[in-house]
Amino acid sequence: MVLLAGLLLAAPAARAQELPTRLTLEDALRIAKANNPTYLQAVNGLEGAAAQERQAWGQLLPSLSTGLDFSGSRSRRISGESDLGEVVVDSAFRESTGSRASQRVSLSVTLFDGFGNLNRLRAERAGMQAAEAAVAAAELQLRQEVMAAYYEAVQAERRLEVEEALLASAREQLGMTEQRFQIGSANREDVLGAQVTVSNRERAVLQARGEVEKSQLGLLRVLGVEGEPGFALEDDFPEVFDPARLDVDALVGAAVASSPRVLQQVAEARRAELSAAAARGQRWPTISGSVSYGRGIDRRGYGAFFELDPPNRSWSFNIGVELPLFDGFRTSSQIAQAEVAAANARQRARAERLAVETEVEQALVDLVNAYRAVELADRALALSQERLELTQERYRTGTSVSFLQLQSAIDQAASAEQGAIVARFNFVTALVNLETKVGREVRP
């Protein structure tokens with residue numbers, strides 16, 4: 001049964017680590033939630049919070065205990081007492097043995113303690129809410145890390161595609177230059193320059209392939225999966241949109257209302273306030289009650305051992321009231337410390353609200369700037385491609401365009417295309433960061 005349970009527990013983890021050949025962003029998020037060590041640590045924190053809440057519940061319930069005892073004794077004495085209480089000394093030692101069997105069941109409960117146990121239970125409930133908010137915050141952080149790693153891998157693949165296209169173009173230009181050299185419209189220097197360009201482009205492709213592999217390894221690390229990259233990315237960059245369509249006030253309000261970071265600090269503040277209330281309850285009287293029932297037998301020798309049904313019966317009950325009068329200022333110190341902790345927790349919650357408001361507004365500024373950068377990069381790319389087409393046409397027809405001029409146009413167009421890819425990646429990064437701060441997707 002233990003082996004079967006282990007296999008059943010291991011099966012989901014094994015399935016979660018099986019990467020599809022074409023990895024979507026949704027697949028990556030699902031696999032990361034099942035395997036990322038940092039996120040799983042946050043999830044494990046829920047069990048500890050639940051155990052503390054159960055313990056607080058237990059303080060409100062009666063305590064029940066039972067016991068079974070067997071005891072024996074042996075004595076060797078030379079003196080004793082008479083019926084009148086006089087000490088009697090015998091001429092020889094007297095030895096005696098005895099044994100006892102006892103069984104007991106006792107029940108005790110705190111009837112009133114200044115609502116201390118009740119406030120501690122409510123405090124642990126708030127602690128559970130804080131733990132749940134911490135898991136939600138960890139999930140948002142994991143989402144940001146996965147999406148950043150995924151789109152970084154997408155960027156590496158797109159840049160590789162550009163380098164491969166440039167290599168193909170360089171080889172085409174080399175062939176064209178060799179043809180022109182054969183008919184005398186190009187010199188040997190142009191051919192050598194075209195060959196150097198092909199060599200440089202081959203090296204750039206090799207480096208770009210290495211960047212693709214490194215980015216995929218980084219994605220695997222974020223997913224928490226071991227192994228080598230053997231997958232293709234299914235999704236591309238999300239569609240670029242104008243951030244002016246977003247309502248800043250609505251985003252800030254949504255972030256403050258639903259951000260797991262804010263909710264966690266609010267729950268921690270509530271927990272600290274209830275803990276302070278429980279500390280103040282120590283100044284109230286404590287009323288407790290108990291009841292017990294027992295059975296036992298005493299015998300000479302060791303005959304009481306393993307007596308499971310002793311005939312003697314007894315039961316007792318007790319109700320007590322305890323009022324603290326002076327404990328060396330220990331209670332006052334605990335109350336003061338708890339109240340200070342509650343005040344600090346309220347300030348941390350307020351600081352977290354202010355931080356979230358500022359971070360959302362800053363993230364929105366970054367998104368606007370990233371959108372404008374995309375527009376500028378697209379414009380530069382369109383102009384560079386148009387210039388390259390004109391230069392290539394003039395070079396094919398041999399119209400006063402040198403190989404160096406053609407290569408300059410190609411490099412400028414390549415740089416513009418790489419810049420457009422980087423601009424889109426920066427826009428996605430800014431968008432994911434904004435959604436992490438808000439706590440939900442903001443795409444229109």
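Leu64, Val105, Leu107, Val291, Tyr293, Trp315 and Phe317 make a nonpolar surface patch of about 750 Å². The model is predicted. Strands β3 (87-112), β5 (286-300) and β6 (312-322) each supply at least two residues of this patch. Phe317 sits in strand β6. Its relative accessible area is 60%, so Phe317 is exposed.

Next, the helices. Helix α4 (residues 116-182) and helix α9 (residues 403-438) have axes that come within 10 Å and cross at roughly 170°. Therefore α4 is roughly antiparallel to α9. The residues of this contact comprise 15 nonpolar, eight polar and seven charged.

The structure holds 30 salt bridges.

| Salt bridge | N to O distance |
|---|---|
| Glu139 and Lys33 | 3.1 Å |
| Arg143 and Glu441 | 3.7 Å |
| Glu157 and Arg158 | 3.8 Å |

Glu139 pairs with Lys33 in a salt bridge. Glu139 belongs to helix α4 and Lys33 to helix α2 (residues 25-35), so the pair ties together parts 106 residues apart in sequence. Glu139 is partly exposed at 33% relative accessibility, and Lys33 is partly exposed at 37%.

Arg143 meets Glu441 in a salt bridge. Arg143 lies in helix α4 and Glu441 in the segment after α9, so this pair ties together parts 298 residues apart in sequence. Arg143 is buried, with a relative accessible area of 15%. A network of salt bridges links Arg143, Glu435, Glu441 and Arg443.

Glu157 and Arg158 also form a salt bridge. Glu157 is buried at 16% relative accessible area, and Arg158 is buried at 18%.

How values were computed. Residues are numbered from 1 along each chain as its sequence is written. This is a predicted model: local features need pLDDT of at least 70, side-chain atom pairs count only at pLDDT 80 or more; totals for chains, interfaces and linings use all residues. Side-chain values use heavy atoms; hydrogens and water are left out. Axes are lines fitted to C-alpha atoms, for helices over the stretch in contact, and angles run from 0 to 180 degrees between N-to-C directions. Helices (H or I, at least four residues) and strands (E, at least two) are DSSP runs, numbered from the N terminus. Angles under 35 degrees count as roughly parallel, over 145 as roughly antiparallel, 65 to 115 as roughly perpendicular and the rest as oblique. Ala, Val, Leu, Ile, Met, Phe, Trp, Tyr, Cys and Pro count as nonpolar, Asp, Glu, Lys and Arg as charged, and the others, Gly among them, as polar. Patches are made of residues with over 30% relative accessible area and no salt bridge: like charges are joined within 9 Å, nonpolar side chains (Val, Leu, Ile, Met, Phe, Trp, Tyr) within 5 Å. Accessible areas come from the Shrake-Rupley method with a 1.4 Å probe; for residues, only the protein chains shown count as cover. A salt bridge is a side-chain nitrogen of Lys or Arg within 4 Å of a carboxyl oxygen of Asp or Glu. Buried means under 20% relative accessible area, exposed over 50%, partly exposed in between (1.4 Å probe, protein chains only).
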